[in-house]
Amino acid sequence: MRGDGYYSRGGGGGSGGQRRGNPHHNHHHNKGDAGHGNDDRDHKEKKKRDAFFDLKKYSDKRIHVKFMGGREVAGILKGFDQLLNIVLDDAEEITHGPEDQESGASAEEKRRHIGLVVLRGPSIILLSPTDGSEEIANPFVQADQLDLALLSKAVYDFAGEPTDIGLKVASALRVIEAALYRYGFNGGKDCTILMHLIRAALHKYNVEYDLSSKPLVSIYVMYKKTFSEIDDFVDQSVGRYDLDLIKVNGPMKQGLQSFKDSYPETKAIFVGTRGDDPHGKKLEYFSKTDADWPEFMRVNPVLDWTFEDIWGSIRGMGVRYCCLYDQGYTSLGDVDSTKRNPALLKDGCYQPAWSLVDRCLERSGRSSTSTDEDPLLSVLPLPASGNANCSTNGSRSVEPPEKE
């Protein structure tokens, strides 16, 4: 079995429930009762043992274990310690297909036999016997898409705050608005926040021009070996942001050409590229694709953002993001070229992406020979008429070039 498959540390800020089995969190009781001597210490030790979740009754029985990040394993319990490190025999890894948007139930379940395994306790969030229990649809799943009016108000309120990240959000919105007025109308982290901002600006645009809301035509360029977590997140975003998603095979140039062949009327694309990304330094807010690429106007609203700006806005506005960023990944590509960022390894556990201190190490988890871009969830607008009269405090022009 792959070592990082079941020794996944998850994010540093995980739920408190993951540590309930650790007796070290419950030993500060009855301090100062020195007169009871050893009897009192024995009593306290007994209280700790009684408070610990006893797994003995499940020995040699089949149990189901779920980890931070969504991994699941089932097997026969053969041993455990007080930190909930668990030994399973005849174990199976369980994976699920994309969730149904209405019921939250998984469309497909696959099992892979992995034999004898040791599961690391701190990453476990759920443990249950398989006999006498059954899985039901999540009653708390949010089946409805986001309320776009509330989303738009929240984003524009955030942009109005007198903070550095508020100013960055406001600048990005002006670029998006300019593109919408000109043309009408990616899951990496940069494209995640971009999608959120686009939906907010598009709602404002539709209200201003009394237009009905329609699904956004979007493209997902897929690698040969994609992370299942990325695929799941993209599928969930379809319902959340009301997308008309087109999936094409990569690499990026080939995928965009395939889309252009099917949608030749498309003139502009929104892209979550930053200035400190590879090949990002020479771009403007509005930049045509290179001559040997499919012809689009690339709209880059977050071009002047930093790694910290991306995570500040995601966390500040409560935007949902791919769970891999809570497991030590800071930049996502295909499975073969993407590893957890070693800069986030602390005391044997991987910290979440947003805790990275040195932004220059953002791509440290990517192969040095990798030339791929992050998986792209791009909003691809159809042409429309209009005028752009927006400005920004940055050195780049926010106005799109005149139509040819």
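Me: What ground rules apply to the numbers here?
Reply: This is a predicted model, so local features need pLDDT of at least 70 and side-chain atom pairs count only at pLDDT 80 or more, while totals for chains, interfaces and linings use all residues. Residues are numbered from 1 along each chain as its sequence is written, and side-chain values use heavy atoms, with hydrogens and water left out.

Me: How many helices and strands does the protein chain have?
Reply: Both kinds of element are DSSP runs numbered from the N terminus: helices are H or I with at least four residues, strands are E with at least two. On that basis the protein chain has 8 helices and 13 strands.

Me: What percentage of the protein chain's residues are buried?
Reply: Buried means under 20% relative accessible area, exposed over 50%, and partly exposed in between (1.4 Å probe, protein chains only). The chain has 404 residues, and the buried ones make up 46%.

Me: How are α3 and α5 oriented to each other?
Reply: Axes are lines fitted to C-alpha atoms, for helices over the stretch in contact, and angles run from 0 to 180 degrees between N-to-C directions. The axes of α3 (residues 148-159) and α5 come within 8 Å and cross at roughly 105 degrees. Angles under 35 degrees count as roughly parallel, over 145 as roughly antiparallel, 65 to 115 as roughly perpendicular and the rest as oblique. So α3 and α5 are roughly perpendicular.

Me: Which residues of α5 meet α3, and how does that contact divide by residue type?
Reply: Contact means heavy atoms within 4.5 Å. Leu148, Ala149, Leu151, Ser152, Val155 and Tyr156 in α3 meet His196, Leu197, Arg199, Ala200, Ala201, His203 and Lys204 in α5. For the sorting, Ala, Val, Leu, Ile, Met, Phe, Trp, Tyr, Cys and Pro count as nonpolar, Asp, Glu, Lys and Arg as charged, and the others, Gly among them, as polar. That gives 8 nonpolar, 3 polar and 2 charged.

Me: Where α5 packs on α8, what is the angle, and which class does it fall in?
Reply: The axes of α5 and α8 (residues 307-316) are 10 Å apart, and the angle is about 50 degrees. That makes the pair oblique.

Me: Which residues make the contact of α5 with α8?
Reply: The residues divide into 5 nonpolar, 1 polar and 2 charged. From α5 come Lys189, Asp190 and Ile193, and from α8 come Phe307, Ile310, Trp311, Ser313 and Ile314.

Me: Which residues in α8 are buried?
Reply: Just after α8, glycine 318 takes a positive phi of about 65 degrees. Within α8 itself, the buried ones are Phe307, Asp309, Ile310, Trp311, Ser313 and Ile314.

Me: Is glycine 188 buried or exposed?
Reply: Glycine 188 sits in the loop between α4 (164-183) and α5 (189-208). Its C-alpha is 8.2 Å from that of isoleucine 230, 42 residues apart along the chain. With a relative accessibility of 2%, glycine 188 counts as buried.

Me: Which residues does asparagine 300 touch, leaving out those up to four places away in sequence?
Reply: Asparagine 300 is in the loop between β10 (297-299) and α8. At 0% relative accessibility, asparagine 300 is buried. Its contacts are Val175, Val271, Thr273, Leu283, Glu284, Tyr285 and Ser287.

Me: What is the relative accessible area of aspartate 90?
Reply: Aspartate 90 lies in strand β3 (residues 86-96). Its phi is positive, about 50 degrees, although aspartate 90 is not a glycine. Aspartate 90 is partly exposed, at 34%.
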